[in-house]
Amino acid sequence: MALLIPQILLLLLFSSQLDPSKASSVPSKLDGFAYNGSGPWKDSVLIEAFFDPVCPDSRDSWPPLKKVVEQFSPRVSLIVHPFPLPFHNNAYLACRALHIANKLNSSSTYDLLELFFKYQEKYYNGPTASGSRIAIQKDMSKLGAFALGNSFLADFENGFQDSSTDAAARISYRYGSSRGVYGAPFFFVNGFLLPGAGSPLSYTQWINILQPLVENNGGRHPVLSFYL
């Protein structure tokens with residue numbers, strides 16, 4: 001379970017890197033990456049997932065979540081919010097890489113997320129302890145080029161010099177913090193935090209959560225039993 005308690009410690013570890021002059025600014029659009037490129041639509045059940053690309057629990061959460069979202073589409077929509085945990089040394093760079101991919105070609109964002117999950121262990125603290133930040137950025141750029149195409153390698157490397165991708169990654173962290181997120185994975189359904197934050201949910205658990213909501217979406221909206 002990737003949690004850091006108390007939450008205030010997480011905020012202090014990461015917020016020290018933020019520009020105070022930008023801390024109160026409101027972003028021009030909602031944070032996150034809509035699955036299959038389309039945002040939440042009327043009368044759909046909205047899942048919001050807060051993932052750290054180098055978090056094992058986030059990685060393990062993805063296959064059952066992807067399966068159930070595709071099964072219930074278009075009655076269920078998904079937005080993934082990148083949320084870098086400060087005790088994962090390369091989490092911020094990985095989250096920034098997702099924003100770079102999204103800026104270059106939004107259809108590649110989830111491809112890159114899955115590549116991070118597939119090759120996650122190479123970005124753990126131990127294997128990268130002796131590597132420089134620049135070297136890690138170059139390696140992530142190669143991963144990004146694999147998702148977008150080799151012709152994008154130089155553009156991806158330049159993306160790490162783009163202040164807008166830096167700002168986007170920081171906004172993602174601030175957005176998660178504003179929602180009370182302090183670990184990964186965290187899941188919200190229709191705006192409500194699911195129990196068991198910080199742990200993966202199985203396919204069966206997702207079915208049990210979503211089935212009654214989807215079936216009743218055209219009429220009165222049921223409340224899941226763990227909120228009663």
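The entries go from the sheet to the rings and then to the loop. I kept in mind throughout that this is a predicted model.

**Entry 1: the sheet**

I began with the strand order. Five strands form an open sheet, and the order reads S2-S4-S3-S6-S7 with mixed pairing. The edges are strand S2 (33-34) and strand S7 (192-193), each of which pairs on one side only. I then checked how S2 is held. S2 pairs with strand S4 (residues 76-82) in the antiparallel sense, over two bridges. For Ala 34 I found Ile 79 in S4 as the bridge partner.

**Entry 2: helices on the sheet**

Next I looked for helices packed on the sheet. Helix H2 (residues 56-72) touches strand S3 (45-51), S4 and strand S6 (186-189), and its direction makes about 165 degrees with that of S3. Helix H8 (residues 203-215) also packs on the sheet, touching S3, S4 and S6; for H8 the angle with the direction of S3 is about 150 degrees.

**Entry 3: aromatic rings**

I counted ring pairs and got 13 aromatic pairs. Phe 187 lies in strand S6 and Trp 206 in helix H8, 19 residues apart, and the pair links distant parts of the chain.

**Entry 4: charges over rings**

I looked up two cases of a charge over a ring. The charged end of Lys 67 sits over the ring of Tyr 203, 4.3 Å from the ring centre. The charged end of Arg 179 sits over the ring of Phe 188, at 4.2 Å from the centre.

**Entry 5: Ser 107**

Last, I went to the loop between helix H3 (91-104) and helix H4 (109-118), where Ser 107 is placed. Its relative accessibility is 55%, so Ser 107 counts as exposed. Its side chain makes a polar contact with the side chain of Asn 105, at 2.7 Å. I also noted Leu 148: Ser 107 and Leu 148 are 41 residues apart in sequence, with 8.7 Å from C-alpha to C-alpha.

Note on methods
Residues numbered from 1 in each chain as written. Predicted model: local features only at pLDDT ≥ 70, side-chain atom pairs only at ≥ 80, totals over all residues. Heavy atoms only, no water. Pairing = 2+ DSSP bridges. Helix = DSSP H or I, 4+ residues; strand = E, 2+ residues; numbered from the N terminus. Contact = heavy atoms within 4.5 Å. Axes fitted to C-alpha atoms, helices over the stretch in contact; angles between N-to-C directions. Phe/Tyr/Trp six-rings, centres within 6.5 Å; stacked < 30°, edge-to-face > 60°. Lys NZ or Arg CZ within 6 Å of the ring centre and 35° of its normal. Buried < 20%, exposed > 50% of the residue type's maximum accessible area, 1.4 Å probe, protein only. Polar contact = N/O pair within 3.5 Å; in protein donor to acceptor, adjacent residues only side chain to side chain.
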